[in-house]
Amino acid sequence: DITKDGCYSQCTKIDSRLISKMPSTLSFEDAAALPLTFQTAWEGMVELMGVQKGKSIFVLNGAGGLGSIVIQVAKHLGLTVIASASRAETIEFCKQMGADHVVNHRNEDLGAELKQVGFDCVDYIYNAHENDRLGELFKLLVCDGRLVVTYGPTQEQMAKVDWTTVWLKRQTLCFQMMFARPMFNTEPAMVGGVMATMAKLVDQGSIKTTVTKKYGGMEHINDATKLQMSGKSIGKICLTMTH
């Protein structure tokens, strides 16, 4: 709930409707890395796009904290997953998360990358990055395809979209904001339900933590922040708050 303080606190209080018991099979550190990204992934695919088993999804920036969970949730939901990455270690990480195919997002022609793995277009796209390629992403969607973004596009980014073709192909742009329910008091208990689903899937082995780097203590907060801002981090970074 971004309307409350406490991001770097040892303790904080929260509406009980927004939480659930943590997975019994994970440490506190590994479990703490999951709620934000899992909720963002689940709401985007299940509530907004309404993904259907057997269809295809392209995940832009598959090795990031969000993309790596989107891959796992998409596989759990029965989708064929094409993820993007650009380095040997991030490509391997996407595969470990369950991606069926990995393409290089450094290529200026994402359509050509998709064709190399056998796809002219995909049914769904989860943009787990910024919106600088929004216009190109719509071109990768089938008729009736759906695309999720997690940042509000700028006017400049929106201007690069061929909205006439989007209309003709009945494509949908979905805006995912994980804090919307508590901010606007819209069925907030559904958030707790998503958290309970996450814990269940983790404990049954369908979802795993994406933590790749752990720091102990506030003295490492600058190191953790620099790694996050470097563009080189993989998965999630965990900073343990000590007393």
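Tutor: Start with a definition: buried means under 20% relative accessible area, exposed means over 50%, and partly exposed lies in between, using a 1.4 Å probe and protein chains only. This is a predicted model, where local features need pLDDT of at least 70, side-chain atom pairs count only at pLDDT 80 or more, and totals for chains, interfaces and linings use all residues. Residues are numbered from 1 along each chain as its sequence is written, and side-chain values use heavy atoms, with hydrogens and water left out.

Now take N104. Its relative accessible area is 28%, so N104 is partly exposed. N104 sits in strand β3, residues 101–104. Strands (E, at least two residues) and helices (H or I, at least four) are DSSP runs, numbered from the N terminus. What does N104 touch, leaving aside its neighbours within four places in sequence? The contacts are A85, S86, L110 and E113. Contact here means heavy atoms within 4.5 Å. The side chain of N104 also has a polar atom 2.8 Å from the backbone nitrogen of R106.

V194 is 90 residues away in sequence and 31 Å away in space, C-alpha to C-alpha. V194 is one of the buried residues of helix α10; among the others are V191, M195, M198 and L201. An α-helix has 3.6 residues a turn, so residues three or four places apart point the same way. The buried residues of α10 pack against α2 (35–49), α3 (65–76) and α9 (180–184). Just after α10, G205 takes a positive phi of about 90 degrees.

Now the cores. A nonpolar core is a set of buried Ala, Val, Leu, Ile, Met, Phe, Trp, Tyr and Cys residues joined through side-chain atoms within 4.5 Å. The largest has 38 residues; among those touching the most other members are F38, M45 and I71. Helix α10 supplies at least two residues of this core, and so do α2 and α3, among others. The largest share, six residues, comes from α3. A second, separate core has 19 residues, including L110.

Technical notes
Polar contact = N/O pair within 3.5 Å; in protein donor to acceptor, adjacent residues only side chain to side chain.
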